[in-house]
Each structure stands twice: as C-alpha cells, then as structure tokens.
Amino acid sequence: MLEFLDMGGYAFYVWTSYSFALILLGGVVLWSALQSRKVRVSTIRRAQQRKRKS
Amino acid sequence: MYRLAGRLAPWFGGLCLLSLAVGLYLGLVVAPADYEQGDSYRIIYIHVPAAWMSMFTYVVMATSSAIFLIWRLKIADVVAEASAPIGAAFTAVALLTGSFWGKPMWGTWWIWDARLTSELLLLFLYLGYMALRGALDTPQGSARAAAILAVVGVVNIPIIHFSVEWWNTLHQPATITKLGKPSMHISMLRPLLLMALAFQLLYFHNLMVRMRTLILSRESRASWVAELNVETGN
Amino acid sequence: MKLAIRSAGQWLNPLLFFVIVVTLFPLGIGPGPNMLATIAPGVLWVSALLAMMLSLDALFANDFRDGTLEQMVLSGHPLTVMVMGKVMAHWVTSGLPLVLLSPLLGLMMQLPEGAYGILIVSLLLGTLSLSFIGAIGAALIVSLNQGGVLLSLLVLPLTVPVLIFGSGAVAGAGMGLETSAHLSLLFAIVFLSVSLAPLAIAGALRVGVAAGR
C-alpha cells in the first residue's frame, strides 16, 4: 500500500495532479448541481405561485 | 429537451463513474511503470484525456454557436453556454497536470512548448467567452455576441496553433527531447482510453445538468414549468 | 474619418503610449546595446500591439452613444462596407502613425541595420490586421460602458499569430535571415482578416445596437 502511494518517488507530482483534476472537475460538477437545485426550486415555486394567483 | 436531458443525466453520470473507477484502477494499479519515466507517467491518464476534451468541448461550443447563428436554434445556444465552464475546467486541468508532469520529466514547471502555449491561449479564449457572457446582461444580445466570438475563435485556433508551432521551432532548436511515443503497450493504452471515455461521459453528464438549469431559468415564464415537481424537477 | 483627425487625442494617445512603453523597456532591463538589440523586435511589436488595443476602445463607442451607429445599421446600406471604411479610418489614424514612428524607436532600441525595411513592412501589414481583428472585439462589447479589460481578454489571444510572424520577421531580418516566409504568412493573415472580419464586426454591431435599445 505504501509502495503504491509512493508512486516510485513521484508521489508529490502524481497525487497533486490528480487532486487538481479532482478539485477542478469535481468543483464544476458540484457547482452545476448546486446551481441546478437552486434554480429548480426557485423557478418552479415562482411559476406555481403565479399559476395559483391566476 | 428538458425532460430528455433529465433522463439522460444519471445514465451519463453512472457510466462515467464506472469507467472512471475501472480506468483509475487499471491505470494506477495494474499498468506497469514506464521504464524511462517510472511512475510519473501515470499523470497521462488525466492529462491527455483533459487535453482532448478541452479541444472537443471547444469544437462543440463553436459548432453549436454557428448553428445558433445560422438557424436561430435556441437549444444550440444553450449547448454552447452550458459547455463553456466545463471546457475551461478541462483546459485548466490539462495545463496544471502538464506542468506537474513537466517538472519531474523536463526539470521545469513550464516551457514555452507549442502545445502548452496553444493550450494556454485556448484557456484565454474560454475565459473571454465566459466573461463576455457575464458582461452582457440582456440574454438575447449576449447569446449572439458570444456565438460570434466562439466562431471567430474556432477559425483562429488552427492559425494560432500553427503559428505557435512555427515560432517554437524557431526559438527552441530541438533541445527538449519530446517524449518519444513508441507504440504504447496495451496495458497502458487501455486505461488511457477508458479515462478518455470517462471524461467524455463526465462532459455529457455535466452538459445535461447545466442545460436543464439554463432551460429552466430561460423558460421560467412558460406554463409547463408550473407543472413540475419541486423536489425532482420532473 | 475627418473627425478622427481633428480630435488630436484620437491619434496622439496611442502614439504617445507606444513611445512611452518602448522607453520603459531599456529603463527596466538595462541599457546594454547587445541586450537591447536582441529584444528590440519583440519590444517594438508588443508595444505597437498594446497601443493598437488602447485605441480600439473608442472605435465604435462614440458612434454608439450618439446614435450614429443605429442609423448606420438601419440605413439599409450594406453594413460590412461601412464597417470596412470605419476600420480603415481607424488604421490610418492609429496604425499608420505607429508605423511611421517605428524606425525612430528602432534606432533608440539599437535595432540592427538590416531590419528597418522589414520592421516597416511587417508593422504595416500587422497593424492593418490588428485593426480588423481588434474591431471584432470592440464591436462585441459596444453596448457596454466600460470594457477595456474585457476587450483585451477577447482580442489578445486572437492577435498571437500576428505578433509571432511580425516580430519573427523583424528578428530574422536583424540576423540576416530570409524573411519572405514570415511576410507571406503575415500577408495571408491580413487577407483573411480584411475579408472575413467585417462580417463578424457587422454581425456584432447589429447585436450591440439591438441590445442597446
């Protein structure tokens, strides 16, 4: 296990690269999901309120 | 379209996670270390797919922008707008991982290599596109202005790449020996292709999610929106 | 066009900017003649490019504010032709003075003797295409009040080929190399940008006018 984590002495480069990828791509996915939720809830609520009024 | 995107998104997401898991396992654990580069070459499994996707995404963005300009198809503009952030993220990942690969291999964080430079300029194009979108507040105006920019950008990409390559050979007479790529062994190639597939699926998943958000906020006055369930959005 | 000449700030500001930026380099790097001679082509070209960007900001802004642009769009005359005239006028008032002044600055930068002809020719071609490429950016942000930084972000990546071939030609000439390949590529870029950019500019202006109403 330790040998695997060490990456033949390149641990720093390999794992930083992978974490950058995780942070950036995961960040976009997460941000999209949160935004989607926010927009969904507020837009549909407003549309339903409008419908009830009319 | 909204419903279709909603139905497709979990599939893309699930398949993405699956190929990601298999690709990472094969790439990080099963594939042997490179006899020249040791284990550092394993960065390739995110670097190369990210670089491919950065270009693929821009082509999608520019193509749908052109479709939007010619046929005024609103959905094409949604595709373009939804693609920009994930494309920029792919480009940034390709740049950063390239840098972390270059340090142990070439001994430097950054070289003005032709591909690196073009990739950096591609990032600027993405950022410019998103900044223009953000700056123009009327949705109608920003859509067409951004579409024009994307199309102008795609015409320029080959020219930029060619000029950078030319400039590079002029300034750096083959001092950096490029990683000679003898045909890759199958045990190394398989995870690479799987990771490429995973990134592709990640893009489609994200595209679907973002498209739903955009459609919903643009069509917020449409009557069908009121029929949707707040919790599931369907 | 006449208007642009009459208001001195229009053409004088980029020129002054060009001179000042070029002057700053020896001050920042050191006055060694050899060093200056090697960086001269790049410095002259980058400064010229930045000066062009500076002048682009105002290209359509005034016409947009006083409604002239809207009339141009609605007048029924082909917009691309009018755009062509407008951009050519911009080039004559801000590109051409830069070209004319560049040999003098080349002298100050210890530019090697053989390079002056190429410097003028490459800047002549380069500033022309910069005017057209930059005008796309200026047209895209016309309805915004302040877009200076945004303009640079949009336009600078697109100007990279011009910069590479232009400064490459000058540097090559300084070392006594053949430069016809650079110049013909630069010429191809001019041709492309002059023929295609007006379409994009006209499209962008229509959008801008529609958004500004």
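This is a predicted model: local features need pLDDT of at least 70, side-chain atom pairs count only at pLDDT 80 or more; totals for chains, interfaces and linings use all residues.
**View 1. Chain B is built from helices.** Chain B has six helices and zero strands. Along the sequence the pattern reads α-α-α-α-α-α. Of its 234 residues, 46% count as buried. Take the contacts in chain B between residues at least 6 apart in sequence: 79% of them join residues at least 24 apart.

**View 2. Helices α3 and α4 of chain B pack against each other.** Helix α3(B) covers residues 74–106, and helix α4(B) covers residues 114–135. Their axes come within 9 Å and cross at roughly 150°. An angle over 145 degrees counts as roughly antiparallel, so α3(B) and α4(B) are roughly antiparallel to each other. The crossing is left-handed.

**View 3. Residues at the contact of α3(B) with α4(B).** The α3(B) side includes B:Glu81, B:Ala84, B:Pro85, B:Gly87, B:Ala88 and B:Thr91. Also from α3(B) come B:Ala92, B:Ala94, B:Leu95 and B:Gly98. Among the α4(B) residues they meet are B:Leu116, B:Glu119, B:Leu120, B:Leu122 and B:Leu123. B:Tyr126, B:Leu127, B:Tyr129, B:Met130 and B:Arg133 of α4(B) take part too. By class, the residues of this contact divide into 14 nonpolar, three polar and three charged.

**View 4. The side of chain B that touches chain A.** Here 34 residues of chain B are in contact with 31 residues of chain A. Helices α2 (44–71), α3 and α6 (186–218) of chain B each supply at least two residues to this side. α3(B) gives the most, with 11 residues. The chain B residues on this side divide into 21 nonpolar, eight polar and five charged.

Note on methods. Residues are numbered from 1 along each chain as its sequence is written. Chains are lettered from A and ligands numbered from 1 in the order in which they are written. Helices (H or I, at least four residues) and strands (E, at least two) are DSSP runs, numbered from the N terminus. A residue is buried if 20 or more other C-beta atoms lie within 10 Å of its own, exposed if 12 or fewer, and partly exposed in between; C-beta atoms are placed from the backbone. Two residues are in contact if their C-beta atoms, placed from the backbone, lie within 7 Å. Axes are lines fitted to C-alpha atoms, for helices over the stretch in contact, and angles run from 0 to 180 degrees between N-to-C directions. Angles under 35 degrees count as roughly parallel, over 145 as roughly antiparallel, 65 to 115 as roughly perpendicular and the rest as oblique. A crossing is left-handed if the near helix is turned anticlockwise from the far one by less than a right angle, and right-handed if clockwise. Ala, Val, Leu, Ile, Met, Phe, Trp, Tyr, Cys and Pro count as nonpolar, Asp, Glu, Lys and Arg as charged, and the others, Gly among them, as polar.
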